[in-house]
Amino acid sequence: MGGPIGKPPGVLLLHGDGSTWRGVTQPFGVGMLNGIVADAQGRPDRIAGWDFWDQTRAHYLRWDGTAWVGERGPVATTPVVMNALAKVPGSDGYWAVGTTSASASSTALLRRT
């Protein structure tokens with residue numbers, strides 16, 4: 001709550017154990033979380049997001065085995081909103097897709113992370 005006009009609500013990340021849901025701490029608190037992919041064992045691995053306070057870099061969350069750690073993309077000239085992630089089969093890579101708030105630019109193109 002509070003902050004500048006147009007500031008979105010806080011992000012919410014929940015973990016369900018089959019009977020209850022509980023909140024999980026993440027590296028940033030205002031923006032959006034959009035897509036999640038699993039590792040080879042089906043456990044959460046990466047989440048695509050948008051950090052309101054750092055809009056010109058894509059923000060990803062990576063599970064390090066105990067907590068979500070923030071990873072940021074390169075600086076762009078416009079806001080970058082990543083909407084989805086996909087694991088590249090047979091590799092350690094990912095594809096991330098998203099958009100900018102203005103128009104297509106090099107930051108809105110497919111990007112392998």
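A salt bridge is a side-chain nitrogen of Lys or Arg within 4 Å of a carboxyl oxygen of Asp or Glu. I kept that in mind as I opened this predicted model.

**Entry: the count.** I looked up how many salt bridges the structure holds, and I found seven.

**Entry: R72 and D51.** I started with this pair, whose side chains meet in a salt bridge at 3.1 Å, N to O. Next I checked where the two partners sit. R72 belongs to strand β6 (residues 68–72) and D51 to strand β4 (residues 44–51), so their bridge ties together parts that are 21 residues apart in sequence. D51 has a relative accessible area of 4%, and buried means under 20%, so D51 counts as buried.

**Entry: D54 and R57.** Here I found a salt bridge between the two side chains, with 2.7 Å from N to O. I looked up accessibility again: D54 is buried at 16%, while R57 is partly exposed at 25%.

**Entry: E71 and R62.** I saw that these two form a salt bridge as well, and their closest N and O atoms are 2.5 Å apart. E71 is partly exposed, with a relative accessible area of 27%. R62 also counts as partly exposed, at 25% relative accessibility.

**Entry: a network.** Which residues are linked with E71 and R62 in a network of salt bridges? I found D45 and R46 there, joined with R62 and E71.

Terms used: Residues numbered from 1 in each chain as written. Predicted model: local features only at pLDDT ≥ 70, side-chain atom pairs only at ≥ 80, totals over all residues. Heavy atoms only, no water. Helix = DSSP H or I, 4+ residues; strand = E, 2+ residues; numbered from the N terminus. Buried < 20%, exposed > 50% of the residue type's maximum accessible area, 1.4 Å probe, protein only.
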